[in-house]
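Subject: Structure handover

Hi,

Here is the structure for you to look over. My notes follow below it.

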Amino acid sequence: MRHGKRGPAFYILAAFFALFVLFLYGPTITILVLSFQGPQGQLTFPMTGVSLHWFRNLFETQMVGDISGALKRSLILGVVVMIVTMVFSFSAGLAFRSRFRGSSLIFYLAIASLIVPSILISLGIGLLFRVLDLDPAWYTSAFGAHLTWTLPFGLLIMLAVFNRFDRRYEEAARDLGATPWQTIRHVVIPIVLPSLIGVGLFGFTLSYDEFARSLYTAGTFNTLPLEIYGMTTNITTPVLYALGTVTTTVSFLVIAIALIAFTIVRRRRERHGSDAGKAA
Amino acid sequence: MTRTTSWTTYLQVTPLALVFLIFLVIPIATIVVVSFFDYNTTSIIPAFLSQNYEELLFSSVTWQTYLQTVEFALMAWVLTFLIGFTLAYFLAFHVRSATWQQVLFLVCTIPFWTSNVIRMISWIPFLGRNGLANMTLMKLGIIHQPLEFLLYSNFSVVLVYVHLYTLFMVVPIFNSMMRIDRSLLEAALDAGASGWQTLTNVILPLCKPGIAIGSIFVVTIVMGDFVTVRMMSGGLSSSVALMMANAMSLLQYPAAAANAVVLLLVVLMIVAGMMRVVDIRKEL
């Protein structure tokens, strides 16, 4: 079956797949094109010209609210969430290698954190801050709310990684006289690094795009998704599309950087791996 | 030795546990407590009343909204499952080279990394009265007046759910499929099963864990959604979360909290049903 000629089923499924990809990307490409709409243009085709008018418009603060501020906050929050997610999930992943008391509880808390609807977590944290008479802010309550979304993914990925981890590498390091810290620093981290980068990338984008969990936790200053949402309700010009183009570009840049980092790590590993047995 | 190991183990897991305690357990507990509070137009008053629940459960609006939300969840679930399963099946069994498999998989996942709100907005030039869909259909002479139901309707809400969340089905189902021992398929073929029989009697049962995980994601997200409903229905439809958000904006926090508790119970019951099919710890 695997080496035979492709049957009609293949072509039907391939066409279905292609249609789905079109469905997935079509709208995004449409607004990408429309964001270069001429100054007199509307929300739909036809294009009345090609201009950067709506991009300039986007960054004039008084026109559309505080987009650059929101973008900055979301980027900072995303990066901090990324780093904290990587460190906490890695550390918890190490702990989960030995069955400790309460490990099931924490595991099921992580699952619960995934399945409790985001809006409830947002509401809960918002209420908690209100009851305690604290002011919610993007760097306290929203930060915590985002972690409840990124950490479960991080933990599950690290658990899967450590399930497949060959502990003989560590034993070898220990036999050669490495301290526990040296073992982690020079053996464990390099081996799990690609997955760890994955966890970080995941954490960043989840936080950068998170809407519901920021809603009642961000406080006075909006993160980008909240700002965008606010704009959609009161702006009906192609500025919206310019905004879409800008945020999508940022997301793609992050993916590209991560993929490049990934490839570099892999290349370096291949080079390092190949010198085994070649030492003098 | 064992004592020191366990000491470091607890130290390693403490940061994660603290985040869940402070930002998950305590907030949910807060919701439960506040749901019994009294409130007036300006503040919430600590109390132990069942009034919030009574007002919620004896209102027909509540029941209609829950019904509408379950309906959305059911439609989104059926569609994302059918489409997601088909896509995963194509990737896992019909794409032969591992490189192409990876590339096509990546193509499916990339949009997931971009903003959901933006992806919703991007349907507007497509579905609007003067949007691409209507223009094309009119030019082709299939319709003579713009179709009104395309944008700001239940149709566009479900369409966007499918657009945003099919990926949550594709990834776990694809994972399950890649773990299926290929010799099982040959055995089925040798035993005289048709392609369709292999699909329904071998592949489908073996994909159950993946299907369950995907379903849990899609159903819990749609049950708790209000942005899509608000943006894509143009205010014509409602959802439980939207009802909560409205109560919040009127500063009726205890009412919103009572609704949150009910929603949480409903979602947990649905998930418990789906969890019977899958042991997540075994899936890692």
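How many helices and strands does chain A have? It has twelve helices and zero strands. Both are DSSP runs numbered from the N terminus: helices are H or I over at least four residues, strands are E over at least two.

Some ground rules. This is a predicted model, where local features need pLDDT of at least 70, side-chain atom pairs count only at pLDDT 80 or more, and totals for chains, interfaces and linings use all residues. Residues are numbered from 1 along each chain as its sequence is written, while chains are lettered from A and ligands numbered from 1 in the order in which they are written.

Chain A overall

Along the sequence, the pattern of chain A is α-α-α-α-α-α-α-α-α-α-α-α. Chain A is more spread out than a compact globule, because its radius of gyration is 24 Å, well over the 19 Å that the globule rule gives for 280 residues. That radius is taken over C-alpha atoms, and the rule is 2.2 Å times the number of residues to the power 0.38. Along the principal axes, the C-alpha atoms of chain A fill a box of roughly 75 × 65 × 40 Å.

Of the 280 residues of chain A, 40% count as buried (20 or more other C-beta atoms within 10 Å of the residue's own, with C-beta atoms placed from the backbone). In α5(A), the buried residues include A:Leu109, A:Ala110, A:Ser113 and A:Ile115.

Contact here means C-beta atoms, placed from the backbone, within 7 Å. On that basis 72 residues of chain A are in contact with 70 residues of chain B. α1(A) gives the largest share of the chain A side, 16 residues. By class, that side has 53 nonpolar, 17 polar and two charged residues. Nonpolar covers Ala, Val, Leu, Ile, Met, Phe, Trp, Tyr, Cys and Pro; charged covers Asp, Glu, Lys and Arg; the others, Gly among them, are polar.

A helix pair in chain B

The axes of α3 (residues 60–94) and α11 (residues 208–223) of chain B come within 9 Å and cross at roughly 145°. Axes are lines fitted to C-alpha atoms, for helices over the stretch in contact, and angles run from 0 to 180 degrees between N-to-C directions. Residues of α3(B) that meet α11(B) include B:Phe72, B:Ala76 and B:Trp77. Among those on the α11(B) side are B:Ile211, B:Val218 and B:Met223. This contact has ten nonpolar, five polar and no charged residues.

Best wishes

Note on methods:
A residue is buried if 20 or more other C-beta atoms lie within 10 Å of its own, exposed if 12 or fewer, and partly exposed in between; C-beta atoms are placed from the backbone. Two residues are in contact if their C-beta atoms, placed from the backbone, lie within 7 Å.
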